[in-house]
Structures are given as C-alpha cells and as structure tokens.
Amino acid sequence: MTGGMWRARLTAAVVALVILVAGLAVRLLLPAGAFSQNAGTALYAALIYAGVVVVAPAVRPITAGLVAVGFCWAVELLQLTPVPSHLSDRSLIARLVLGAHFDPADMIWYPVGVLTLVAAHLIVRRPGQTV
C-alpha cells in the first residue's frame, strides 16, 4: 500500500475518532430532544462515511457518500423488522449500530451528515490523490 493510502486511512481514522467523540458529547451533554437526536443521526452517518474511507482509502468521495447513505438507509429500513430491537435489547453495541426503532426523519438526516464530509473530502482531495 502506498504512503498516500496509509495517509488517507489514518486521516479517515482520526476523523472517525473526532466524530465518535462529538457523538458521545452530544449524547452526554445535550438535553434529549429533536436537536440532539438529529445531530446524533447526522454524526452516525458521518462516522459510517469515515469508516468507508478507512476500509477503502482510494474511494472517491461521492462513491463513499453513496455507500454510507445506502448503509444507513438499509439499517434504518431494517428497523421496520423486529430484528434490531431484539438485538438491541441484548447488546449495547447492537443498539448503537442498529438502533431499535424506525424514524422516518433519520432518512433525511443521514445524507446531511454524509454530505458534510463529502464536501470536506472534495475540498481537501486533489485530483489523483487518495485523501
């Protein structure tokens, strides 16, 4: 793997860590309500985007965005079945990853979180560069 790939992967991992800390801060420091719910949803989607780039550092920003939103929507739609709720009752990790209840507003907030990172990625990435 080239130095550029490792740099892209490391940058994405650092971004993921920052997003994770921001998500935990929102959950712990803000009162429960629409703002904290929507911010958490957008940050979850942004974290998935960063994860896509960690796994595939050469991915183009728009492709990574489509994969991240697609994953988030698939998880949200899965919540229409009893599976995530069943797993979430038994595991905190499953609850954090899969959630438990379908919320149609989340379908809008996922692209909001992803678009922010797609835009940032497009700004910092030069043609032919992996970051």
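Visitor: At what angle do the axes of H1 and H2 cross?
Guide: In this predicted model, the axes of helix H1 (residues 3–29) and helix H2 (residues 34–55) cross at roughly 165 degrees and come within 8 Å.

Visitor: So which label does that give the pair, roughly parallel or roughly antiparallel?
Guide: Roughly antiparallel, because angles over 145 degrees count that way.

Visitor: And the hand of the crossing, left or right?
Guide: The crossing of H1 and H2 is left-handed.

Visitor: Which residues meet there?
Guide: On the H1 side they include Ala8, Ala12, Ala16, Ile19 and Gly23. H2 brings, among them, Ser36, Gly40, Leu43, Leu47 and Val54.

Visitor: How does that contact split by class?
Guide: The contact of H1 with H2 has 17 nonpolar residues, three polar and one charged.

Visitor: Changing topic, what volume does the largest pocket have?
Guide: About 970 Å³.

Visitor: Which residues are closest to its centre?
Guide: Arg27, Gly40, Thr41, Arg95 and Leu96, out of the 30 residues that line the largest pocket. Gly40 of H2 is also one of the residues that meet H1.

Visitor: Which helices supply at least two residues of the lining?
Guide: H1, H2, helix H3 (61–78), helix H5 (92–98) and helix H6 (106–124).

Visitor: Which one gives the most?
Guide: H2, with seven residues.

Key: Residues numbered from 1 in each chain as written. Predicted model: local features only at pLDDT ≥ 70, side-chain atom pairs only at ≥ 80, totals over all residues. Heavy atoms only, no water. Axes fitted to C-alpha atoms, helices over the stretch in contact; angles between N-to-C directions. Helix = DSSP H or I, 4+ residues; strand = E, 2+ residues; numbered from the N terminus. Parallel < 35°, antiparallel > 145°, perpendicular 65-115°, else oblique. Left-handed = near helix turned anticlockwise from the far one by under 90°. Contact = heavy atoms within 4.5 Å. Nonpolar A, V, L, I, M, F, W, Y, C, P; charged D, E, K, R; others polar. 1 Å grid on protein atoms, 1.4 Å probe; cavity = no way out; pocket = protein on both sides within 12 Å on 5 of 7 lines; lining within 4 Å. Points joined across faces, edges and corners; volume = space filled by probe spheres on them.
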